[in-house]
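Me: I have a model open and would like to talk through its side-chain contacts. Can you go through them with me?

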Amino acid sequence: MDQTGPALKFLLPHMPAALSFASRLVRWQAAHGRHDLPWQRDRDPYRVWLSEVMLQQTQVQTVIAYFERFVQRFPNIASLADAPQDEVMGLWSGLGYYSRARHLHACAQVIVRECGGMFPARSEALRRLPGIGPSTAAAIASICFSERVAILDGNVKRVLTRYLGFAEDLSEGQSLRALWAEAQRLLPRSARNMPAYTQAIMDLGATLCVQRSPQCGHCPLSTSCQARRSGEPERFPIKTRKLKRSTQSLWLVWAQRGDGASWLHKRDSSGIWASMYCLPSFESEHAALEALETLGAKNIFWLQAFTHVLTHKDLRLHPVRARVPDGATPGLRGRWVLPREWGQMGLPAPIKALLQMD
């Protein structure tokens, strides 16, 4: 029998069920869960960690191809740690949220240098590593080492808040901590069931308990789900604080030589597209035109401006393309890069799309 704490706003206080929450999920996972994803072939913490980082804010179908290319080039933690950052960023190019790749590389180096190339087996130790938050640490520890510790990514929040009828605002830290406590309470009693349970609750949120039009009729938790009983499953989870968005305009100078080389520079290690290779960018049209003038550029023409959407802001990009005389060296940071080199460089998605227009 599942019971909820009296201090929380649940729609109904009592949820009888023949099987516990965890048991139903574990049974459902065996029969209906996902078993053929490339990071599920074993319980290798390196592969689980890599998949968890890639899946943050990114759909499974997008991640699969990146994951397979990544592990083909970097089959283990040592090979990733030894790689140049530019190569890591190059393989990540197009996947977005590029800080994940920088943290991934830094974390690999710490594990090799300080942990002998072995992942810590406990979530508490994993959380001390660069770029590994509480939920990612819990996923590695529970799936790979059977630790009884709860994850709480976006899919899991949705499953739990709906099942419990958890009507607290997850924008508030106190509410989020309360949900963590509930997640921990609902874990299997036996640690040996943790790998299947953790995979099950992630799978359920990704396949049935989706944000829009959840498939409640196929859900193993439907008989006790408070959100379903309320008739408003899509109301959960509740989060009132919205991310404030901003808009920024950048003018991109695309200088090309006759042999097709483009002038690119590596951006600083913080800010938009940190540590990525990019076309020189300017805050105004005037500054962009001044830069072109110093290049002795010819055949200058403006391309269609477009908007690139980031998590927290909209980038309005204004590309200007120009031919530069052979032998010219722009008075800007960077270097000439031939098209055959682009695949080995970390390029933001809109920059890669521009360069591939030819």
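This is a predicted model: local features need pLDDT of at least 70, side-chain atom pairs count only at pLDDT 80 or more; totals for chains, interfaces and linings use all residues.

Me: OK, and which residue does E68 form a salt bridge with?

Reply: E68 forms a salt bridge with R41, and the closest N and O atoms are 3.9 Å apart. The pair links distant parts of the chain, with E68 in helix 3 and R41 in the loop between helix 1 and helix 2, 27 residues apart.

Me: Is R41 buried or exposed?

Reply: R41 counts as exposed, because its relative accessibility is 60% and the cut-off for exposed is over 50%.

Me: What salt bridge does R73 make?

Reply: The side chain of R73 meets that of E87 in a salt bridge, at 2.5 Å from N to O. This pair also links distant parts of the chain, since E87 lies in helix 5 and R73 in helix 3, 14 residues apart. As for accessibility, E87 is partly exposed with a relative accessible area of 26%, and R73 is partly exposed with a relative accessible area of 36%.

Me: How many salt bridges does the structure hold?

Reply: The structure holds 13 salt bridges. Another one of them joins E124 and R128, whose closest N and O atoms are 3.6 Å apart, and both E124 and R128 are exposed.

Me: Back to helix 3 itself. What should its span be, and what is the distance between its ends?

Reply: Helix 3 covers residues 60–73, and at 1.5 Å a residue its 14 residues should span 20 Å; the end C-alpha atoms are 20 Å apart, which agrees.

Me: Which of its residues are buried?

Reply: In helix 3 the buried residues are V60, V63, I64, Y66, F67, F70 and V71.

Me: What about F70 and W92, how are their rings arranged?

Reply: F70 and W92 form an edge-to-face aromatic pair, at 6.0 Å centre to centre with 85 degrees between the planes. Here too distant parts of the chain are linked, F70 being in helix 3 and W92 in helix 5, 22 residues apart.

Me: Why do F70 and W92 count as buried?

Reply: The cut-off for buried is under 20% relative accessible area. F70 is buried because its relative accessible area is 0%, and W92 counts as buried because its relative accessibility is 0%.

Me: Which charges lie over the face of a ring?

Reply: R69 lies over the face of Y66, at 4.7 Å from the ring centre, and R321 lies over the face of W254, at 3.9 Å from the ring centre.

Me: Last one: which residues form an aromatic cluster?

Reply: F21, Y163 and Y197 form one aromatic cluster.

Note on methods. Residues are numbered from 1 along each chain as its sequence is written. Side-chain values use heavy atoms; hydrogens and water are left out. Helices (H or I, at least four residues) and strands (E, at least two) are DSSP runs, numbered from the N terminus. The expected span of a helix is 1.5 Å times one less than its number of residues. Buried means under 20% relative accessible area, exposed over 50%, partly exposed in between (1.4 Å probe, protein chains only). Rings of Phe, Tyr and Trp (its six-membered ring) pair if their centres lie within 6.5 Å; planes under 30 degrees apart count as stacked, over 60 as edge-to-face and the rest as tilted. A charge sits over a ring if NZ of Lys or CZ of Arg is within 6 Å of the ring centre and within 35 degrees of the ring normal. A salt bridge is a side-chain nitrogen of Lys or Arg within 4 Å of a carboxyl oxygen of Asp or Glu.
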